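Dear colleague,

My findings follow after it.

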Amino acid sequence: MGGTSGMGWAAAKKFVDEGARVICVGKPNEIAIEDGNITTLFADAREASTMTKAIALCIEKYGSFDGLLHVAGGSGRSFGDGPLDQMSLDGWNQTMELNATTVMLSNKAA
């Protein structure tokens, strides 16, 4: 989950270098970066159906699902997260959904 930029993309490329075939999940507004054995599914990691779709795609495309690396997440500043004395409850909730709930959803699906 994740893997279309930054640390996630570097990890995906390393897995491919070691012989893996990878499904990356990226935000719907990102541009696909295809590289050999990497396929990108554009979907929202905060939706439970995204995780099951990614795993189903992996099984359909590669014949098995053997592991999960979750790197999806990010800053909640745009939602109102920030220093404790300044953050909004909505900012807190959206940041937790982005960074904690998505981990639970991906692990549950796996």
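This is a predicted model: local features need pLDDT of at least 70, side-chain atom pairs count only at pLDDT 80 or more; totals for chains, interfaces and linings use all residues.

Residues are numbered from 1 along each chain as its sequence is written, and side-chain values use heavy atoms, with hydrogens and water left out.

The average pLDDT (the predictor's confidence in each residue, from 0 to 100) is 85 for the protein, and 95% of the residues score at least 70. Among the elements, H2 has the highest mean pLDDT (92) and H3 the lowest (88).

The protein contains three helices and two strands, in the order α-β-β-α-α along the sequence. Helices (H or I, at least four residues) and strands (E, at least two) are DSSP runs, numbered from the N terminus. Of the 110 residues, 33% are buried (under 20% relative accessible area, 1.4 Å probe, protein chains only).

Helix H2 (residues 48-62) and helix H3 (residues 89-109) have axes that come within 9 Å and cross at roughly 40°; axes are lines fitted to C-alpha atoms over the stretch in contact, with angles from 0 to 180 degrees between N-to-C directions. Ala48, Met51, Thr52 and Ile55 in H2 are in contact with Thr102, Leu105, Ser106 and Ala109 in H3 (heavy atoms within 4.5 Å).

Yours sincerely

Conventions:
Buried means under 20% relative accessible area, exposed over 50%, partly exposed in between (1.4 Å probe, protein chains only).
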